[in-house]
Amino acid sequence: MKKIFTLAIAVIGAVSANAQESWYVSTDGTLRSEYVANSDASAMSVVSFSTTNVTGTHTSGPIAGYIDGSSLPLEPNVDNSWGNLQTKALSSDGSVAPFYYVQGKGNPVNIDKVTFEEVITDDVPTGNYRAYWDDSYYSPDGTAGLPTNGTYVTLTPSVDGTFKVAAWVNKGSREIYVVKGSDAIALALGTDVTVSGYINGQNNDVAEGDPLYGYPLYQESIATKGTEGGDAYVIGAGNQAVWVYLTFSATAGETYYIFNKNTQIGFSGFEFTAGASGITNVVTDTTNDVNAPVYNLAGQRVSKDTKGILIQNGKKFINK
C-alpha cells in the first residue's frame with residue numbers, strides 16, 4: 001500500500017509577491033501634505049494616492065446642502081474641505097500606536113438624485129422650496145447608485161489580494177458600507193467583510209497602572225448590530241463611536257467604495273496584501289513513480305520539462 005503524506009511548502013518567491021503595502025493619512029501625528037482643499041470651492045476636493053498594486057482616492061464635498069428659497073434649482077451651500085486630523089490614543093505609553101484619521105465632512109450621496117420639494121404648511125403651498133435628500137442616499141442593493149458627493153474612499157487593486165481598511169465612525173447607529181463599483185452592491189459585513197478594532201467605552205480589563213488601563217479593548221471580531229435591514233451594516237453596539245479595520249478580499253481591476261450612510265466617516269488608511277497565501281498542501285506519492293505529477297515551489301502542477309526547482313514524489317530536484 002502506498003504511503004501518502006501532505007507536503008506543506010512555504011514559497012520563497014511568494015514573500016515578495018505577497019508583500020504588504022500600505023498608505024496612511026499620518027504615521028506621526030502630522031497630516032499628509034496632499035490634504036489641500038480644491039481652490040474652487042464649488043468643486044470636489046480629491047486626494048489621490050497609490051502604492052505598488054493599489055490606486056485610490058479620498059474625496060470631500062463639494063455640496064454640503066442647499067439654501068431654501070423660492071427659485072429652482074436651489075443654491076448649493078458648498079464645503080469641499082476635510083475635517084481635522086484626529087488621534088485616538090490606545091495606550092498611555094505609546095506601546096499601541098495611536099489611531100490617526102481624517103475626520104470626514106459631507107454626506108456621501110448620489111447628488112444627481114437630490115430633488116426639490118415645495119414647503120407645505122397647514123396644507124397650503126408656501127412658494128418656498130427645500131432639498132429632498134432621501135432618494136440620493138445609498139441603498140445596499142445598488143439601486144440608488146454610487147456616491148458622487150461628500151466623503152468617501154475608493155480603492156482599486158491591480159492584482160487580487162486582501163484589503164484591511166482603517167476607519168472611524170462617529171455615529172455608530174449609521175450604516176457603514178464596502179461597495180463594489182461595478183454593480184454598486186454592498187459587501188456583507190461579518191462574511192464578505194470582517195470587522196476588528198475598538199468600540200468606545202469597551203475598555204481593557206486590566207489593573208490600574210497598566211498602560212492599557214482605561215483604554216479601548218482591541219476586539220479581533222466585532223459583529224454587526226443585527227441582521228435585519230440596515231442593522232446588518234451597523235457595527236457593534238450601534239450607539240458608540242468605533243475605530244475599526246474592515247478586511248475583505250479584492251479582485252484585480254475592481255473599484256471598492258468605503259463610506260458611511262448620510263454622515264461623516266473618518267479615514268485612516270489601508271494595508272493591502274497581494275496574491276494568495278503561497279502555501280499549498282500537495283498530496284504526494286512516496287514511491288518513485290516516474291509518471292507522478294510534478295509541482296513547482298508554489299505548489300502548482302507543472303510540466304516535467306519546466307526549468308527550475310521542482311518536486312516529484314515528495315522530492316526536490318533541479319531541472320536545468
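Modeller: A residue is partly exposed when its relative accessible area lies between the buried limit, under 20%, and the exposed limit, over 50%. The model here is predicted.

Colleague: Why is K105 called partly exposed?

Modeller: Its relative accessible area is 28%. Buried needs under 20% and exposed needs over 50%, so K105 falls in between.

Colleague: What makes D79 and K105 a salt bridge?

Modeller: Their side chains meet at 2.9 Å, N to O. The cut-off is 4 Å between a Lys or Arg nitrogen and a carboxyl oxygen of Asp or Glu, so the pair qualifies.

Colleague: Which parts of the chain does that pair link?

Modeller: Distant ones, 26 residues apart. D79 sits in the loop between strand 6 (75-78) and strand 7 (85-88). K105 sits in the loop between strand 8 (99-102) and strand 9 (115-121).

Colleague: Is D79 buried, partly exposed or exposed, and what value decides it?

Modeller: The value for D79 is 27%.

Colleague: What makes E117 and R130 a salt bridge?

Modeller: N and O come to 3.1 Å in this pair. The limit is 4 Å, so E117 and R130 count. The pair also links distant parts of the chain: E117 is in strand 9 and R130 in strand 10 (residues 124-132), 13 residues apart.

Colleague: Why are both ends called partly exposed?

Modeller: E117 has a relative accessible area of 28%. R130 has 38%.

Colleague: How many salt bridges does the whole structure hold?

Modeller: The search finds four.

Colleague: Now the sheet. What is the strand order, and is the pairing parallel or antiparallel?

Modeller: The order is 3-4-11-16-13, an open sheet of five strands with antiparallel pairing. From one strand to the next, the twist averages 15 degrees.

Colleague: Why do strand 3 and strand 13 count as edges?

Modeller: Strand 3 (45-50) and strand 13 (176-180) each have a single partner strand, so one side of each lacks a neighbour in the sheet.

Colleague: What makes strand 11 and strand 16 a pair?

Modeller: Three bridges join strand 11 (residues 152-157) to strand 16 (residues 256-260), which run antiparallel. Pairing needs at least two bridges, so these strands pair. On strand 16, Y256 is the bridge partner of L155.

Technical notes. Residues numbered from 1 in each chain as written. Predicted model: local features only at pLDDT ≥ 70, side-chain atom pairs only at ≥ 80, totals over all residues. Heavy atoms only, no water. Helix = DSSP H or I, 4+ residues; strand = E, 2+ residues; numbered from the N terminus. Buried < 20%, exposed > 50% of the residue type's maximum accessible area, 1.4 Å probe, protein only. Axes fitted to C-alpha atoms, helices over the stretch in contact; angles between N-to-C directions.
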